[in-house]
Amino acid sequence: MVRMSIPSKAISSTSQTSPTGPCVGFAQHLSPGRRIPTLVISPGRWRRRWGRVVCQSPAMDGCRADHGGAVETMETRTFPAVPTVGLATENLRGLVAKLKSEKPAFSSGIIRLQLPIHRHIKAIDWLCSQPLLLPRIFFSGRSRAIDSDSLPSVSSNAHHRVASVAGVGSAVVFCRHHQFSNSDWASIKRFLSKKCPLIRAYGGIRFDSRPNISPEWEPFGSFYFMVPQVEFDEFEDDSILAATVAWDHACSWTWENAVESLQSTVEQVSSDNVNVQRDLPQISILSHNHVPTKTFWDSAINRALQVIDQCDSDLTKVVLARSTRIVTSVDVDPVTWVACLQKEGKNSYQFCVQPSNAPAFIGNTPERLFHREGLSIICEALAATRARGKSAIEDLRIEQDLLSNPKDDLEFSIVREAIKRKLEAVCDAVVVEPHKSVRKLPRIQHLYAQLAGRLRTNDDEFEILSTLHPTPAVCGFPTEEARDLIAETELFDRGMYAGPVGWFGGEESEFAVGIRSALVETGLGALVYAGTGIVKGSNPSLEWDELELKISQVTRSLKLELAWSTHV
């Protein structure tokens, strides 16, 4: 193993307009008792509010029960469609109120009440219109028009093809600080069923559960999943507003507990729907700091290259990352930030995971970990990065350079072949098509391949996750050697950055890789993450420039003034 000392200047900090001088952490940006006002959008005007939590209803701890099998009853009740969100909200409150007098004979179960709405409404707009109801989640898949490699639907029911989901409150939550295990997956699986395909558990898993969890990631545990109490599902042509009640005496959570908690959340759900303004005015950064500094970064890359070059080392690639702390002049609501990311992320996944009393983990990731539907599974290999050209001719020149560059080909081939071997461990056959192409995003482009297979069994998401994560695209190869070097080198906790983010369902599951992401906390700014793959031939300064390019995918959506030096 390689042990690296941490010099005192490994963490850089600068301050442009901060009254407290150089930034050495979030807390020093703020005077005692001071809070930065949160920027939210109202129709036709800007509005400021303080980050006040309106609702944190108690929830059932789904990890408490034994794993003897599914809950006793699972049901989806669909009610007549309505024309507006306001009417759907009013009707849903009435349906939840009636649950008090409908106590079932079962000691455990999960019931979803859903109201179709004859309008296409964006889930992110619905979430932005809600008061700060925690916990909350948002997950947006790729556009079906763009994502032509989508799997065929398990049925002809269009409601299986959800474009985006927003949820508040948790009917059942799954969170622990130990490594996500088969037992934890069994706890989640108890509440999922093929006959209720829209009952899903949304959340994410840490990149690496072995290191100690830092304070900012503490509320997320090693994994965090929730089935939302109130959920808004966006489809191609219409929408659904739903409420879910879950109970289990084995989890010390009765029907009465569940209904009371759900009613508390539903009563606070707003019936208004705000069309979010996605073109925000320029927002300045008060201060920032990189972890590590450019100097330490260069040393870390050179040391990693030495390990790769050692004749007795199996390491061929390692992905090293950087965390950048920023504090802005206006504290931007994380859901508004995600809405801005969604505007230019049509070929990407957007997500937000925010437990109670926690920051929000948000992102705009182009990388799919896997999408399973029945026995069919699709994965992707994504590696090597270039900026987009300023003209069509320049863009084509950059694309050809990306396709022909030996260093980029090596990095990409390691990722593609490793994922292929991992898929072969759980599939009967794996097809790679295209073998190597370029995926173009609004600001950057990557080498790309799609891998499709047929699973041997269709009920073991834990095996799929544990086999595929982490991929060489975010860790390196071989996995354990790369993960050990990351743990010894990096000076910050990745948390869920580069970990799986997505959802489990009864017949279908989908996870993206949590890159191009940030951890956002009201009044304290944001931690923005980016990483880059190190292989033989990597150059420390060019890799640092790639970090800047990747971080810009998150920050430029808000038109942040990123005036820091790239050589601090």
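Visitor: Which hand does the crossing of helix 1 and helix 4 have?

Guide: In this predicted model, helix 1 and helix 4 cross in a left-handed manner.

Visitor: And at what angle do their axes cross?

Guide: The angle is roughly 165°, and the axes of helix 1 (residues 85-98) and helix 4 (residues 255-268) come within 10 Å. Angles over 145 degrees count as roughly antiparallel, so helix 1 is roughly antiparallel to helix 4.

Visitor: Which residues make that contact?

Guide: Helix 1 contributes Arg93, Val96 and Ala97, while helix 4 contributes Val259, Leu262, Gln263, Val266 and Glu267. By type, the residues of this contact of helix 1 with helix 4 comprise 5 nonpolar, 1 polar and 2 charged.

Visitor: Now helix 5 and helix 11. How far apart are their axes?

Guide: The axes of helix 5 (residues 294-309) and helix 11 (residues 540-555) lie 9 Å apart, and the two helices pack at an angle of about 120°. Helix 5 is therefore oblique to helix 11.

Visitor: Is that crossing left-handed or right-handed?

Guide: Helix 5 passes helix 11 in a right-handed crossing.

Visitor: Which residues meet there?

Guide: From helix 5 come Lys294, Trp297, Asp298, Ile301 and Asn302, and they meet Pro540, Ser541, Glu543, Trp544 and Leu547 of helix 11. The residues of the contact of helix 5 with helix 11 fall into 5 nonpolar, 2 polar and 3 charged.

Visitor: Switching to helix 9: which residues are buried there?

Guide: Helix 9 covers residues 461-468, and its residues Glu461, Ile464, Leu465, Thr467 and Leu468 are buried. They are on the same side of helix 9, because they cover an arc of only 165° around the axis.

Visitor: What about Thr73, buried or exposed?

Guide: Thr73 belongs to strand 5. Its relative accessible area is 15%. Buried means under 20%, so Thr73 is buried.

Visitor: Which residues does Thr73 touch?

Guide: Leaving aside residues up to four places away in sequence, Thr73 touches Phe106, Ser108, Gly109, Ile110 and Trp247.

Visitor: Where is Asp66, then?

Guide: Asp66 sits in the loop between strand 4 (60-61) and strand 5 (73-78).

Visitor: Buried or exposed?

Guide: Asp66 has a relative accessible area of 55%. The cut-off for exposed is over 50%, so Asp66 is exposed.

Visitor: How far apart are Asp66 and Cys251 in space?

Guide: Asp66 and Cys251 are 8.7 Å apart, C-alpha to C-alpha, and 185 residues apart in sequence.

Notes:
Residues numbered from 1 in each chain as written. Predicted model: local features only at pLDDT ≥ 70, side-chain atom pairs only at ≥ 80, totals over all residues. Heavy atoms only, no water. Buried < 20%, exposed > 50% of the residue type's maximum accessible area, 1.4 Å probe, protein only. Helix = DSSP H or I, 4+ residues; strand = E, 2+ residues; numbered from the N terminus. Arc of directions from axis to C-beta. Axes fitted to C-alpha atoms, helices over the stretch in contact; angles between N-to-C directions. Parallel < 35°, antiparallel > 145°, perpendicular 65-115°, else oblique. Left-handed = near helix turned anticlockwise from the far one by under 90°. Contact = heavy atoms within 4.5 Å. Nonpolar A, V, L, I, M, F, W, Y, C, P; charged D, E, K, R; others polar.
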